[in-house]
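Colleague: I would like to learn how to read a few features of a fold, one at a time. Please give me the general idea first and then the case at hand.

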Amino acid sequence: MNISNLSSTDLNLLPVLQVLLEERSVTRAAGRLNLTQPAISRNLTRLRELFNDPLFTRTPKGLAPTPRAETLALQLQQSLQDLSQLISPATFIPAAATQNFRLATTDYGTQVLLPPVLKRMRAEAPGVNLEIVPWQENLLQQLDQEGIDLATCTVEDAPAAIHGRGVGSDRFICVVRDDHPLTQLGLSLENYATYPHALITMGGARKGAIDHLLEERGLSRRIALRVPHFVAALAMISQTDLILTVPYGLAVSFAEQYKLKMLPFPMEQKGFTYSIIWHERYMKDPAHIWLRQLVFEELTTTLNELNIGYRV
């Protein structure tokens, strides 16, 4: 394909040729294209120069295509249809879709937040495939390079090319085994800092948000266990005297299963917002718009239901 020749060609002439082939009349072609007859005649002159052929001869019954025009007619209609589809707005039909989507989240998101998403996805778009990939600390900077369609997280300072939409709020709560001494003593800021802790280390972080809050008050805590998975951390502290500070939605989902007691977080907190985030390159893609809306609706519902009965 010679791009230089194509770029110097007035492609607006091709629909005129197609209509002339169908109508065999300058007058009727002008009416269909909402142009004047002289304009159609000028376009026909340019078409003859472009193809180096008369294309049509006049007869008592109208315009008769030359052999060259008849040959062009075999390809022209399909070519124009292909061009029309190329520039038409993209569409997405869930029931007929076969896309593959990649979604990054934590094990908490996978086990608690995403099951309703998958259930609805299977109902609306059974041919769509979903791959869950682990959340990483530097994912915001690599969202496009990693080929990830969507991620769920708490985010404050996102890069300029990253878009997001809040899906719900949560707050911290403390969990301990059900016969832990603190269930009788109560959890004060002082004994919170005194007892050993478990820390969920997403992305390998050595400190969590709680440590920064403690530092502001001149306190620190001992991290006796670092574990990269939310649900695994719950299982592990159920056999120890460790304190684990987690989102309320996670605690209320698994406290009974692991025989854990929920205790109030002993510091003032503003809570935090979960968001879905995506790269700018997906902003106008119809399939991605469908995915974002589905995930937004299901996560919003799930988080609202989890937090409706916030209590300890």
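Colleague: Which residue of E2 stands opposite Arg58?

Modeller: Strands pair if DSSP finds at least two bridges between them, and here Leu63 in E2 is the residue opposite Arg58. Strand E1 (residues 56-59) pairs with strand E2 (residues 62-65) in the antiparallel sense over 4 bridges, and the two form a hairpin with 2 residues between them. Such strands (E, at least two residues), like helices (H or I, at least four), are DSSP runs numbered from the N terminus. Please keep in mind that this is a predicted model, in which local features need pLDDT of at least 70 and side-chain atom pairs count only at pLDDT 80 or more, while totals for chains, interfaces and linings use all residues. Residues are numbered from 1 along each chain as its sequence is written, and side-chain values use heavy atoms, with hydrogens and water left out.

Colleague: How should I read the packing of two helices, and at what angle do H2 and H4 cross?

Modeller: Two packed helices are described by the angle between their axes and the distance between the axes. The axes of helix H2 (residues 13-23) and helix H4 (residues 37-51) come within 10 Å and cross at roughly 105°, the axes being lines fitted to C-alpha atoms, for helices over the stretch in contact, with angles from 0 to 180 degrees between N-to-C directions. H2 and H4 are therefore roughly perpendicular (65 to 115 degrees) to each other. In contact, which is to say with heavy atoms within 4.5 Å, are Leu13, Leu14, Val16, Leu17 and Leu20 of H2 and, on the H4 side, Ile40, Asn43, Leu44, Arg46, Leu47 and Phe51.

Colleague: How many residues of H2 are buried?

Modeller: Buried means under 20% relative accessible area and exposed over 50%, with partly exposed in between (1.4 Å probe, protein chains only). In H2, 9 of the 11 residues are buried, so this helix is largely enclosed by the rest of the structure. Among the buried ones are Gln18 and Glu23 as well as Leu13 and Val19, and their cover includes helix H3 (26-33), H4, E1, E2 and helix H5 (67-87). Just after H2, Arg24 takes a positive phi of about 55°.

Colleague: Where does Asn52 lie, and is it buried or exposed?

Modeller: Asn52 lies in the loop between H4 and E1, and its phi is near 55°, a positive value in a residue other than glycine. Asn52 counts as exposed, at 70% relative accessibility. Lys259, in the loop between helix H13 (248-254) and strand E11 (260-263), likewise has a positive phi of about 55° without being a glycine, and Lys259 is exposed, with a relative accessible area of 57%.

Colleague: What is the order of the strands in the open sheet?

Modeller: The 5 strands follow the order E4-E3-E5-E12-E6, with mixed pairing. Strand E4 (129-134) and strand E6 (162-170) are the edges, each pairing on one side only, and the twist from one strand to the next averages 20°. Within this sheet, strand E5 (residues 150-153) and strand E12 (residues 272-279) run antiparallel and are joined by 3 bridges, with Thr152 having Ile276 in E12 as its bridge partner. H14 packs on the sheet, touching strand E3 (100-105), E5, E6 and E12, and its direction makes about 20° with that of E6.

Note on methods
Angles under 35 degrees count as roughly parallel, over 145 as roughly antiparallel, 65 to 115 as roughly perpendicular and the rest as oblique.
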